[in-house]
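Subject: Structure handover

Hi,

Here is the structure I promised to pass on to you. Have it open while you read, and I'll go through what turned up in it.

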Amino acid sequence: MAKKPYYITTAIAYTSGKPHIGNTYEAVLADAIARFKRKQGYDVFFQTGTDEHGQKIQEKAEAAGVTPQKFVDDVAGEIKGIWDLVNTSYDKFMRTTDEDHVKQVSKIFKKFYDQGDIYKGYYEGMYCTPCESFWTESQLVEGKCPDCGRDVKPAKEEAYFFKMGKYADRLIEHIEKHPEFIQPVSRKNEMMNNFLKKGLQDLCVSRTSFTWGVPVDFDNRHVVYVWLDALTNYITGIGFDADGNHSEQYKKYWPADLHLIGKDILRFHTIYWPIFLMAMGEPLPKQIFGHPWLLQGDGKMSKSKGNVIYADDLARLFGVDAVRYFVLHEMPFDNDGQITWELVCERFNTDLANVLGNLVNRTVAMIEKYFGGKVVKSLPANEEDPDVEFKATVTGAVAKVIKKADELRIADAISEVFTVFRRANKYIDETMPWALAKDESKQGRLNDVLYNLAEAIQIGASLLDSFMPETSAKIFAAFGAESRSLEDCETFGIREEVAVTAIPPLFVRIKDFKEIEPEIEKIREAQRAAFAAAEQPAEKPAEKAVNADTVAVEEEKVPEITIDDFVKVQLRVGEIIACEKVEKSSKLLHETVKFGDEVRSVVSGIAKHYKPEELIGKKVVFVTNLAPRKVCGIMSEGMILAAEDEDGVMSLITPDKKEVKSGTRLG
């Protein structure tokens, strides 16, 4: 019987520099899903790769004194190397500079033009180079790019535009009929309410201000804009042909079962990409999952400070599977996760060294010590408390792991696997093998206990091998076994006997975090030295890209101030008594704020983080002695205070006591 095909993709990583651990998380997550689907019997095709065109690449190559092709070759090689380091089992690593991809992008663009989906016009407005986006004055937030907060400059450019509104109603209908299309549900609601139902503007799909891109073959002044180029990789990589001569591989695997992407590029994948496919007459992917971000837990990542976290550095100190375990286990389904060196060390000790490593090592040691390395199958007639419950817990984990994995709740799936290992450790405490070994009449019981432990560990390792393949392989070597099918994991006692072989400890506990601090400092110093050598502008942050930069990397310098400077700023607690969206902007909210007996109007660029109804009744800290100014025609008489990291995660500054009166001054 032929296996059912399953096609999974990651977003393609932008070749602007070395990917940090946040970027790497997506590749590991996709790999875990792909491996588990293979274990379920699917014929899996897993594609990842690199996005290599655009103005930013051209500028970086010029600054480095190399050609754009040389620049992307080097960076793509580094990205592929890190993906290989963390054991991603991709079937294809594609690049948007691949000849077959370039050819198809050119043909797709011409097809759209010929059928009237694309027209030539002009784009005029305030341009943000890092985001490669134009904005109107009203869309800016305090004069800055509303997406990244960086400087913009006036620009006018001839461009081709795609008629997005032509297909918008069809897309809305598709999303409503297929509730599983965008996951999690919160992401679907965001796309529908904030973009589709408000009406779509035509999309710029070509550029003339740079040359590093796929040429528009009928208008050589233009190159294809990044999103039309990059998004089509999902079909060109498996043999799509714009003339209809598709490969057998394309016919087999499309539509994709899962596009795995970062939540910051959801709009491009759930609106632009489906509309492009509709225009091509191709089926839409079955599901698009916008995963959360992995955030730096102790502040901003900065190359000049040397605190950017990379997968290869983590792997050198903790091992590859420890890195995989952390990023998979610490990321909730729809909330952001955090990473620090200290957190990784803590999980390494508590979960990997204590729970799993200790269980395997002492079980093997006891089988060797008490039975010369071999135990035989336990008979049901010999069962004692708590054997029945223990075996049920172990075999019952299979269905739970499958359910969580099918829901893409990988962190929860791994937790279910570790429930097996934790229960096995408890089983040791309950049965006390060392006490049984002292009584000659208990040798049969001792054999049964150790056999049960060996079975539990092998089942647990078989469930774990999609997530931590190297560790599972070591466990199988220790127990002379192979990974079991999911079906076999539901049966306790498959092997008649188990012969063990001693192996080095799976994870050696780190006694004190201070043990590895010198190595971490060396990593940081190397980053600082590399930053200084590159002589990069201190104010220029790492660029946002198609692969969902899930940990921001930026350098900022803030001048010191005196206490006299500080006391000039008046901070007061205000109660928001009314709030509404600003009609001319998708980024701004208009709040009516009560400060004691005084009521003021405040305009804030927080609409992408908060809904108006969420803010009404909330007490927040405001700067209240700023000079009033008009924003989109509305007078703003203050400024709301909020903390927002480079990944766009925002939190308002609020008093921790609800009874604090509005108007209360801070300081």
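Let's begin with glutamate 519, which is partly exposed, with a relative accessible area of 33%. Before going further, please keep in mind that this is a predicted model.

Glutamate 519 has a salt-bridge partner in lysine 522, with N and O 3.4 Å apart. Both residues sit in helix α19, three residues apart, which is about one turn of the helix. Lysine 522 counts as exposed, because its relative accessibility is 54% and the cut-off for exposed is over 50%.

How many salt bridges does a search of the whole structure find? The total is 43. Here are a couple more that you can look up.

Take arginine 347 and glutamate 330 first: their side chains meet in a salt bridge at 2.7 Å, N to O. Arginine 347 belongs to helix α13 (residues 341–371), while glutamate 330 is in the loop between α12 (320–329) and β15 (337–339), so this pair ties together parts that are 17 residues apart in sequence. Is glutamate 330 buried or exposed? Its relative accessibility is 17%, so it counts as buried; the cut-off for that is under 20%.

Then have a look at lysine 377 and glutamate 496, which form a salt bridge with their closest N and O atoms 3.9 Å apart. You'll find lysine 377 in the loop between β16 (374–376) and α14 (387–406), and glutamate 496 in the loop between α18 (469–478) and β17, so the pair ties together parts that are 119 residues apart in sequence. Lysine 377 is partly exposed, at a relative accessible area of 31%. Glutamate 496 is exposed, and its figure is 56%.

Some salt bridges also link up into a network: Lys120, Glu158, Asp219 and Arg221 are connected in this way. Lysine 120 will come up again in a moment.

**A sheet of four strands**

Which strands make up the open sheet of four, and in what order? The order is β6-β5-β7-β9, and the pairing is antiparallel. At the edges are β6 (133–135) and β9, each of which pairs on one side only.

Inside this sheet, strand β5 (residues 118–128) runs antiparallel to strand β7 (residues 153–162), and 10 bridges join them. Here is lysine 120 again: its bridge partner in β7 is tyrosine 160. Tyrosine 119, for its part, stands opposite phenylalanine 161 in β7. One handy thing to know as you click along a strand is that, in a regular strand, side chains alternate between the two faces of the sheet.

β7 also pairs with strand β9 (residues 203–204), again in the antiparallel sense, over two bridges. There, phenylalanine 162 stands opposite leucine 203.

**A sheet of five strands**

There is also an open sheet of five strands, in the order β20-β19-β18-β21-β24, with antiparallel pairing. β20 (598–604) and β24 (639–640) stand at the edges with a single partner strand each, so one side of each has no neighbour in the sheet.

Within it, strand β18 (residues 571–581) and strand β21 (residues 619–623) pair in the antiparallel sense over five bridges. If you want a spot to check, valine 573 stands opposite valine 621 in β21.

While you're browsing, find isoleucine 634 in strand β23 (residues 634–636). Isoleucine 634 is partly exposed, with a relative accessible area of 21%.

One patch is negative and consists of Glu342, Asp512, Glu515 and Glu517. Glutamate 515 is in the loop between β17 (497–499) and α19 (517–534). With a relative accessibility of 44%, glutamate 515 counts as partly exposed.

The other patch is nonpolar: Ile563, Phe566 and Val567 together have about 300 Å² of accessible area. Phenylalanine 566 is in helix α20 (residues 563–566), and at 41% relative accessibility it counts as partly exposed.

Cheers

How values were computed:
Residues are numbered from 1 along each chain as its sequence is written. This is a predicted model: local features need pLDDT of at least 70, side-chain atom pairs count only at pLDDT 80 or more; totals for chains, interfaces and linings use all residues. Side-chain values use heavy atoms; hydrogens and water are left out. Patches are made of residues with over 30% relative accessible area and no salt bridge: like charges are joined within 9 Å, nonpolar side chains (Val, Leu, Ile, Met, Phe, Trp, Tyr) within 5 Å. Accessible areas come from the Shrake-Rupley method with a 1.4 Å probe; for residues, only the protein chains shown count as cover. A salt bridge is a side-chain nitrogen of Lys or Arg within 4 Å of a carboxyl oxygen of Asp or Glu. Lys and Arg count as positive and Asp and Glu as negative; His and the chain ends are not counted. The place of a charge is taken as NZ of Lys, CZ of Arg, CG of Asp or CD of Glu. Buried means under 20% relative accessible area, exposed over 50%, partly exposed in between (1.4 Å probe, protein chains only). Two strands pair if DSSP finds at least two bridges between them.
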